[in-house]
Amino acid sequence: MADNVERDESDKRLESQDERRSYDRARLIVDVFFDGKDVTGVASTKDISPGGLYMNTQAEIPEGALLMIRIPFRHDAQAVCNAVVVYSNPGRGVGLRFQGLADDVKALIEREVSNG
């Protein structure tokens, strides 16, 4: 029962996040390499848009944490950018919003999402 309550609360938070998004997210699963002040690792995306992404990770990364991320879409196409954690679900994953996304990186993400 407690698990259902936890899942319901998680669903409500995710719905709230959906309402605030500027971009539609696509279900695209790729590896993401992340590096922050107190954490580094590899995770997989759950969904992604030119505005941000959700990555599955057991690492506990708090809201507000700044990360440098690298997303290798293909051997000849990768995005490297900064992101801030806007949603944290400890032990499961984090929602990231890209910061200062260069035009060429944004275009690459838009192209990869539409091809996904």
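**View 1. Strands β1 and β4.** Strand β1 (residues 31–36) and strand β4 (residues 66–74) run antiparallel and are joined by four bridges. Strands count as paired if DSSP finds at least two bridges between them. A strand here is a DSSP run of E with at least two residues, and a helix is a run of H or I with at least four residues; both are numbered from the N terminus. F34 has I69 in β4 as its bridge partner. The model is predicted, so local features need pLDDT of at least 70 and side-chain atom pairs count only at pLDDT 80 or more, while totals for chains, interfaces and linings use all residues. Residues are numbered from 1 along each chain as its sequence is written, and side-chain values use heavy atoms, with hydrogens and water left out.

**View 2. Strands β4 and β5.** Eight bridges link β4 to the antiparallel strand β5 (residues 77–89). M68 lies opposite N82 in β5.

**View 3. Strands β5 and β6.** Seven bridges pair β5 with strand β6 (residues 93–99) in the antiparallel sense. Y87 has G95 in β6 as its bridge partner.

**View 4. Helix α2 on the sheet.** Helix α2 (residues 103–115) packs on the sheet and touches β2 (40–49), β4, β5 and β6. Contact means heavy atoms within 4.5 Å. The direction of α2 makes about 80 degrees with that of β5. Axes are lines fitted to C-alpha atoms, for helices over the stretch in contact, and angles run from 0 to 180 degrees between N-to-C directions.

**View 5. The closed barrel.** Six strands close into a barrel with antiparallel pairing, in the order β1-β2-β3-β6-β5-β4. From one strand to the next, the twist averages 45 degrees.
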